[in-house]
Amino acid sequence: MLTTKSKARTETSFADSYREVLAEAARLSQRYLDDLPHRTVGVPPEAIDRLKELGGPLPTTGEEPTSILQLLHEVGAPATVASIGGRFFGGVIGGALPVSVGAHWMADAWDQNACLYDMSPVGAYLEDVVLQWLLSLFGLPPDCGGAFVTGTQMADVTALASARTALLLRENWDVEMDGLFGAPPINVIVGEEVHATMLKALALVGLGKGRVHVVDADSQGRMNPKRIPRLQGPTIICVQAGNVNTGSFDPIAAVCDVAVEMNAWVHVDGAFGLWAATSPARRHLVEGIERADSWATDAHKCLNVPHDSGIAMVRDIDALRRAMSITAAYYPPSPCSLRQPMQIGPDSSRRARAIEIWAALRSLGSNGVAGLVERTSGHAKRLAESLKAAGFAVLNEVVFNQALISFGDDSITDRIVDAIQAEGTCWCGGTTWKGRRAMRVSVSSWATTEADIERSLDAILSVARAQGA
Ligand SMILES: *Cc1c(COP(=O)(O)O)cnc(C)c1O
């Protein structure tokens with residue numbers, strides 16, 4: 001039996017084994033952030049070459065934790081893309097609010113398994129709180145169900161699984177028990193500009209990405225609701241709030257009008273665009289979203305929490321529960337008065353993602369969320385207008401945080417995008433829009449300031465001139 005004294009010593013040594021490691025992690029992380037303004041946003045080739053120092057066979061003997069962290073800082077950190085900083089404009093990849101990084105660290109130290117209420121009351125409770133906050137921010141029905149997943153792709157999977165369950169139940173088919181073999185077919189309608197991850201989600205839930213009905217899109221990539229086919233039988237219509245190239249929004253209200261005629265399930269891929277709903281100035285872009293049946297979005301994009309963090313929201317909470325339910329003698333039954341995350345989402349064991357979302361939302365407040373959306377969209381507009389004034393073509397209507405720039409023909413545009421990435425002041429990606437190569441600018445971080453936009457513009461223009469544009 002442990003005496004009180006030796007027990008205290010054991011517990012101290014447990015805590016002590018973290019002390020130095022966490023202090024070192026905090027110190028090196030801060031050093032990384034301090035260095036950020038002085039490095040290139042992209043990764044230099046030398047940093048990639050050095051990565052092999054982290055490889056090789058697994059050493060037989062272990063190493064000291066702090067020296068491992070130092071090696072990570074020295075060799076790993078330079079091979080990171082500086083996407084947490086204010087001059088990264090690639091993908092649609094958000095930064096990370098300081099409070100959300102701090103909350104994420106604390107949640108790691110707590111090492112909660114958010115699978116069940118009993119395994120993490122705080123993890124499960126904050127999911128309920130955050131879900132209510134998000135539904136209210138987006139203007140969605142307060143009684144929707146929700147699941148906290150890795151990203152929008154998994155949120156799409158979750159929502160599509162719920163749709164599949166609900167639509168087939170109407171046909172007296174139990175898809176959870178009997179699968180899709182021999183089931184009544186489900187039609188799926190998508191826009192021409194559907195995101196690749198939506199197609200992958202359709203493939204994962206057995207609905208197939210090759211059997212979708214594709215609806216034409218307009219010059220901005222918006223689905224034309226007049227071209228939606230009127231189909232018989234169970235039907236899902238996937239709409240998009242926020243096109244990854246143009247930032248445009250499918251006309252959700254008009255799609256919902258058509259869906260009513262067909263009794264179709266409407267799913268909204270709103271990875272970043274759903275956040276337009278939080279801003280009075282942009283709410284019109286998602287008009288009608290509250291009439292859809294399910295919604296997928298990311299917290300790691302516009303809300304700026306660390307990766308990975310997506311949310312699925314489903315109006316028919318019974319369909320979501322049914323699609324996700326799991327039974328075993330050692331699991332609490334579903335439904336249950338307390339939130340049991342594994343009974344309402346695709347994962348079993350996982351981290352408590354709601355913690356840093358809660359911290360981010362609480363630090364911003366609803367005004368702060370709208371302000372963040374407005375600020376990033378304003379920066380994108382400013383960048384596009386300045387490049388236009390400099391004589392370059394802006395290929396989209398900048399309605400949100402995305403802008404597409406052409407510097408001339410395809411080859412010069414590609415050359416300039418490569419040169420901008422190599423120069424390193426900022427980072428923009430390349431894309432093809434309506435058959436034409438373009439530079440894609442996405443402003444998605446709280447960290448981007450006016451000064452970052454100025455500095456990036458100067459760099460882009462000088463690189464473009466040097467390339468002969
Ligand atoms: C980013 C994005 C996705 C995929 O989201 P992940 O978080 O990477 O899973 C889906 N749809 C759209 C429109 C996106 O912008």
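This is a predicted model: local features need pLDDT of at least 70, side-chain atom pairs count only at pLDDT 80 or more; totals for chains, interfaces and linings use all residues.
Some ground rules come before we start. Local features need pLDDT of at least 70 and side-chain atom pairs count only at pLDDT 80 or more, while totals for chains, interfaces and linings use all residues. Residues are numbered from 1 along each chain as its sequence is written, and side-chain values use heavy atoms, with hydrogens and water left out.

**Exercise 1.** Work out which residues surround the ligand and what the protein covers.

*Step 1.* Now look at the atoms. Aspartate 269 puts a polar side-chain atom 2.7 Å from a ligand nitrogen. With glutamine 153, a polar backbone atom sits 2.8 Å from a ligand oxygen.

*Step 2.* Check the cover, using Shrake-Rupley areas with a 1.4 Å probe. On its own the ligand has 380 Å² of accessible area, and the protein covers 84% of that.

**Exercise 2.** Describe how domain 2 meets domain 3.

*Step 1.* Get the bounds from the domain assignment, which is automatic or from a database: domain 1 is 4-80, domain 2 is 103-360 and domain 3 is 365-466. The C-alpha centres of domain 2 and domain 3 are 30 Å apart.

*Step 2.* Count contacts (heavy atoms within 4.5 Å). You'll find 30 residues of domain 2 touching 23 residues of domain 3.

*Step 3.* Look for salt bridges (a side-chain nitrogen of Lys or Arg within 4 Å of a carboxyl oxygen of Asp or Glu). There are 2 between domain 2 and domain 3. Arginine 222 also forms a salt bridge with glutamate 397, with the closest N and O atoms 4.0 Å apart.

Notes
A residue is near a molecule or strand if one of its heavy atoms lies within 4 Å of it. A polar contact is a pair of N or O atoms within 3.5 Å; within protein, one must be able to donate a hydrogen and the other to accept it, and residues adjacent in sequence count only if both atoms are side-chain atoms.
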